[in-house]
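Reader: I am new to this structure. Can you take me through it, one feature at a time?

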Amino acid sequence: MKTNRQKKRKRNYIFQYIRRSQLKRLPYPLVLLGISLFFAFHFFILGPLQAVPLPSSSVMTAQDLDSHPYISISASNLSYSGDDYMVNGHLEGHFYYTFQSGQCQFYILKPDGDAAADFISRITIHGKLVESEELYLQLVTNMASRLNLSQEQVRAMVSPVFISQPDFLPLRSLLFGLLLLFCILISTVSLLRMMFCLLFPTCTRAYRGLKKYGTPKKILANVEKELEQDCIIQTTDMALTNRYLIEFSEDLSAIVPLKAVIWAYKMGSIRRRFPTFRKTMRYTLNLVTIDGRHYAFKNKKKGDVVMIQEEMSRRYPNFFFGYSEEHEEMVRHIIKERKSG
């Protein structure tokens, strides 16, 4: 003889399914949140938004490039070198330089739309430290030619690390930061929603949708009873009972009282399955209720859809079955007449 506790456990099948499905889906937002937070930490905490302020007399070295690649510095007495910073044929900046204690520091400043100024007395630069052998060789060669010095003499004076204003926060980095914030928001909202449904299954869309047809608690009790005692067809993700059609997808997609349905039809579509990308035919079972609600049970096997639709047509011959313009027009008219009445 079954105890009340055993019956109660069995009657909570739908809530148990909701909780199991939420637990299975939890790793996805958790992984996305973890990856997003990792890159966000490097972008916002160690990246351009946390530029290290340096004194104006600083000359950058390779050690600075490793320890703090993003800096904020007030530079003075900058002279235009005559060289421009080109990226893919587009002007991105102008090269300026200063001498500090016999060392030459190069800066790449954004163009302001006009020709480059020959001299800048003082400027505060938020920049990224850049090391490029190609740019370094270009500047050393040009400077040696202008000063009538050997390249070895110029190399001894010029720092191989540049302070680049255009590379500090380019558009692609800004878009990347916004994308990270969006991923963090989406994963956090998804995670909170899953946790909420895990703790409170009555907040799922399928459960709340039962309010249209009566008291959700009573309807759910009837659904549980029919699943246990009067289940006609059970597929991997659908169940047909004497009075309900239930879809078990994600957090339980829908519970549809069959007495409210007036039209049922299937639609097929071709899909490619990963990783082989082979074409497969999948079907959607559509149900329209007397109050105008439309349920779409997507991505189903043809055999499951046909079997359930045939069983419903036998038990509920008053349904409209199959898609046609005539059926659509008649159903629209019935729903309109009911709402106006």
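Author: Start with helix 7. This is a predicted model. In it, helix 7 has 29 residues and reaches 42 Å from its first C-alpha to its last. That is close to the 42 Å expected at 1.5 Å a residue.

Reader: Which residues of helix 7 are buried?

Author: Buried here means under 20% relative accessible area. In helix 7 the buried residues are S173, G177, L180, C183, I184, S187, L191, M194, C197 and L198.

Reader: What do the buried residues of helix 7 pack against?

Author: They pack against helix 2 and helix 3.

Reader: Let us turn to helix 2, then. How many residues does helix 2 have?

Author: Helix 2 covers residues 13-25 and has 13 residues. From first C-alpha to last, helix 2 reaches 18 Å, close to the 18 Å expected at 1.5 Å a residue.

Reader: How do I read the pattern of burial in a helix?

Author: Begin with the general idea. An α-helix has 3.6 residues a turn, so residues three or four places apart point the same way. Now the case here. I14, F15, Y17, I18, S21, Q22 and R25 are buried in helix 2. Seen down the axis, these buried residues fall within an arc of 155°, so they line one face of helix 2.

Reader: What covers the buried residues of helix 2?

Author: The cover includes helix 3 (27-45), helix 7 (171-199), helix 8, helix 9 (216-229) and strand 10.

Reader: Now helix 5. Which of its residues are buried?

Author: L135, Y136, L139, V140, M143 and A144 are the buried residues of helix 5. Their arc around the axis is only 155°, which puts them on the same side of helix 5. On the other side, E134 and S145 are exposed. Helix 5 itself spans residues 133-147. Its 15 residues reach 21 Å from first C-alpha to last, close to the 21 Å expected at 1.5 Å a residue.

Reader: What covers the buried residues of helix 5?

Author: Strands and a helix. The cover includes strand 2 (70-87), strand 3 (90-100), strand 4 (103-109), helix 6 (151-157) and strand 6 (161-164).

Reader: Which residue follows helix 5?

Author: N148 follows helix 5. Its backbone angle deserves a look. Most residues other than glycine have a negative phi, and most peptide bonds are trans. Phi of N148 is positive, near 60°. N148 lies in the loop between helix 5 and helix 6. With a relative accessible area of 71%, N148 is exposed.

Reader: What is the phi of N88?

Author: N88 has a positive phi of about 55°, although it is not a glycine. Its place is the loop between strand 2 and strand 3. N88 counts as exposed, at 75% relative accessibility.

Reader: Where does L245 belong among the nonpolar cores?

Author: L245 is in the largest nonpolar core, which has 38 residues. The residues with the most contacts inside this core are I14, L245, I246, L252, I255, L287 and M312. A second, separate core of 16 residues includes L54, M60, I73 and A116.

Reader: Which residues is I246 in contact with?

Author: Leave aside neighbours within four places in sequence. I246 is then in contact with V223, L227, D237, M238, A239, T241, L252, A254 and I255.

Reader: What volume does the largest pocket have?

Author: The largest pocket has a volume of about 360 Å³. It is lined by 18 residues, and the closest to its centre are R205, E247, S253, A254 and A296.

Reader: Which elements give two or more residues to the lining of the largest pocket?

Author: Helix 8 (205-209), strand 10 (254-257) and strand 13 (294-300) do. Strand 13 gives the most, with five residues.

Methods: Residues numbered from 1 in each chain as written. Predicted model: local features only at pLDDT ≥ 70, side-chain atom pairs only at ≥ 80, totals over all residues. Heavy atoms only, no water. Core = buried A, V, L, I, M, F, W, Y, C linked by side-chain atoms within 4.5 Å. Buried < 20%, exposed > 50% of the residue type's maximum accessible area, 1.4 Å probe, protein only. Contact = heavy atoms within 4.5 Å. Helix = DSSP H or I, 4+ residues; strand = E, 2+ residues; numbered from the N terminus. Expected span 1.5 Å × (residues − 1). Arc of directions from axis to C-beta. 1 Å grid on protein atoms, 1.4 Å probe; cavity = no way out; pocket = protein on both sides within 12 Å on 5 of 7 lines; lining within 4 Å. Points joined across faces, edges and corners; volume = space filled by probe spheres on them.
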